[in-house]
Amino acid sequence: MPRPSIATALPALLALLLLSTGCGGDRDAMDSGALEERRAMARAAMEEHFANQPSMTPSLREAFERGEITQEEIDAMAAAGELEPFFVFATPDDIPDGLDWQDGSDLPEFASPDAQKGGTWYTAIQDFPRTLRRVGPDANSAFRPFILDDVVMSFGNRHPEDISIVDGNFRYYPGIAESWAEDRANRTVYVRINPAARWSDGERITADDLLFMFYFFQSPWINDPWYNNFYSRNYVRVVRYDDLTFSVTLPEAKPDMLGRVLNLEPLPAHFFDEFGPDFVDRYQWRFVPTSGAYVVRDQDVRRGRSIALTRNEDWWAKDLPFWRNRFNYDRVHFSVIRDTAKRFESFRAGEIDAFGLNLPDYFYDRLPDDDPLVANGLVAKYTFYNERPRPTYGFWINSSRPLLDNRDIREGLHYASNWERVLREYFRGDYTRMHTTADGYGEFTHPDIRAREFDVDKALEAFARAGFTERDNDGVLVNERGQRLAFTLTTGYENLQDILTIMQREALRAGVNFRIEVLDGTAAWKKVQEKQHDIQFVAFNVSPEMYPRYWETYHSVNAYDRAFLPDGSPNPDRRPKAQTNNLQVIANRELDDLIERYRASERADEMRELAFRMEEILYEDASFIPGFVMPFYRVAAWRWARWPEHFDVRISRDPLQYWLGWIEPGKREQVLAARRSGESFDPIIEVHDRYRPD
């Protein structure tokens with residue numbers, strides 16, 4: 001019998017869920033009966049999804065995203081039994097014999113056994129998070145790493161010191177998983193969950209939470225297209241064998257196949273028992289129970305002022321190898337201090353415990369080695385060289401905007417952007433130039449592409465090809481229609497706005513007027529996500545993955561609602577798509593094809609060649625102007641802050657990412673008393689350069 005079509009069974013449930021949202025998703029306004037009814041309907045919608053969600057091949061998924069096949073056609077294929085199910089419920093007897101189960105126990109631990117628990121770590125953020133949701137609108141804020149990226153546990157984690165590749169995979173240590181096995185021939189990874197694993201509210205972590213995670217991320221209700229695609233395109237089957245055992249099958253046996261599964265983190269199905277079309281509002285300020293060490297309590301959310309993490313004393317993994325001696329602070333208190341200079345003064349006053357010194361102005365001038373705080377040993381200075389793919393700092397040009405849709409103008413802006421002067425004068429030679437969109441990926445980084453250097457003559461030549469040959473009274477180039485080469489240059493990096501001042505001054509030499517707009521970080525990100533920017537100075541933090549990603553930032557399905565007509569020509573009615581990472585709104589059919597081949601490839605050598613060709617196309621498109629690379633991070637911290645002897649791990653991006661630090665008991669009071677009395681200690685100025693590039 002054909003399975004019921006999702007198009008016929010689900011709408012009735014959806015209508016009921018829409019009716020049950022009532023009061024704009026205000027659950028407090030619902031009586032207990034209505035709430036139970038809501039939960040029953042949410043559970044029915046989930047079960048409907050489990051029963052009817054088809055497994056789509058990558059080519060079918062990509063045809064659907066391009067608008068070449070409709071949802072109705074997919075539903076008909078599923079109803080006719082032409083598509084395999086995505087969700088499968090089996091028994092332990094169905095697990096294949098002869099699997100080679102691994103647990104990473106041969107790897108060394110990397111936290112210090114000298115670490116001590118206790119104390120509050122005081123820090124600051126530029127702006128208050130607009131939500132505690134981890135996905136959906138406004139979720140991708142500067143606070144998100146502290147409730148997701150750097151705190152939650154996945155099933156397994158890449159070892160941050162051992163970067164070797166064994167059998168096509170990085171080395172992994174256990175997280176939520178107790179053990180795992182890879183069946184590369186069948187593109188499947190099997191996982192056993194640690195029976196002790198618990199959510200922060202005490203509920204067990206089970207395979208049902210993994211199944212719910214896929215349902216959740218595949219749902220349009222989260223209003224986050226990236227997740228919808230990633231969790232539909234990159235996985236083709238999930239099998240539940242029992243409460244603690246599952247397998248995930250991928251469409252391709254890619255070099256990092258194991259990591260594609262172990263890096264997953266389940267979601268607490270019991271917490272999302274009201275999940276529905278009003279998810280964004282209903283869960284706006286509800287902290288998700290976590291597998292990790294820190295929680296956010298309601299009383300610690302002081303809107304616009306501060307927010308805090310509290311260590312879960314009953315955290316189930318606190319004594320496990322690889323997790324013990326980490327997450328040592330009892331509390332982490334974040335004050336909202338919008339201005340960098342004010343954050344620095346708060347640090348000098350001892351009100352926050354550490355301050356980033358990546359900017360040369362602060363490292364050399366505002367806190368030099370002979371500053372009394374440093375010279376008297378009250379404040380330590382650390383430089384740590386890391387080895388990881390680099391954040392993509394640069395100018396992201398919205399190629400859907402007037403004038404910026406002209407490639408000659410975009411190329412001219414490359415030559416009009418004086419990054420050499422920024423590197424020389426602002427960064428004082430400490431940073432280097434970024435050359436591609438994927439620097440730091442070893443053999444996958446294009447070896448020959450070099451960023452265009454500042455050149456007024458070449459800029460003027462490019463602008464002339466676009467019809468801009470005359471200057472107005474302000475020195476800005478204009479065309480015959482009176483249009484000026486004037487663009488808004490937006491950033492959320494208040495601490496880097498001096499870079500834009502240099503750029504503004506230098507660009508005018510080439511006839512370009514950059515109007516500088518500095519917003520708070522959340523507002524700036526919201527603007528670029530809605531594709532309302534001209535040019536955005538921003539960077540994506542990239543994970544230390546084996547190879548770069550291209551789909552989310554460069555595929556046309558993330559640029560426009562429907563980029564092309566069936567004949568392949570640009571859709572004249574297309575509109576930029578919001579809430580995606582294609583910040584350049586780039587739509588290129590050849591690039592789309594290469595991206596799809598890259599995603600489908602199982603061979604590293606082929607992927608490398610495809611990556612090189614994609615970088616060449618992106619270079620020619622000229623909608624991204626590469627900025628700078630920082631091969632280290634620098635931080636100042638009060639003497640009571642302690643770290644391991646090696647300070648941090650090889651692939652870390654900042655000192656809180658792996659949570660290796662601790663507060664020496666009683667030291668805060670001692671250091672502050674010494675400051676008042678004039679007592680001094682031996683200075684601490686350390687450079688950890690084990691991973692410094694040659």
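This is a predicted model: local features need pLDDT of at least 70, side-chain atom pairs count only at pLDDT 80 or more; totals for chains, interfaces and linings use all residues.
Reader: What makes strand E21 and E22 a pair, and in which sense do they run?

Author: Strand E21 (residues 486-491) and E22 pair in the parallel sense over six bridges. Two strands pair if DSSP finds at least two bridges between them, and strands themselves are DSSP runs of E with at least two residues, numbered from the N terminus, while helices are runs of H or I with at least four. Residues are numbered from 1 along each chain as its sequence is written, and side-chain values use heavy atoms, leaving out hydrogens and water.

Reader: Why are E22 and E24 called edge strands?

Author: The open sheet has five strands in the order E22-E21-E23-E17-E24, with mixed pairing. Strand E22 (513-518) and strand E24 (624-626) each pair on one side only.

Reader: Why is Arg634 called buried?

Author: Buried means under 20% relative accessible area, exposed over 50%, and partly exposed in between (1.4 Å probe, protein chains only). Arg634 has a relative accessible area of 4%, so Arg634 is buried. Arg634 sits in strand E26 (residues 632-638).

Reader: What makes the link between the side chains of Arg634 and Asp430 a polar contact?

Author: A polar contact is a pair of N or O atoms within 3.5 Å; within protein, one must be able to donate a hydrogen and the other to accept it, and residues adjacent in sequence count only if both atoms are side-chain atoms. Here the distance is 3.0 Å, so the pair qualifies as a polar contact.
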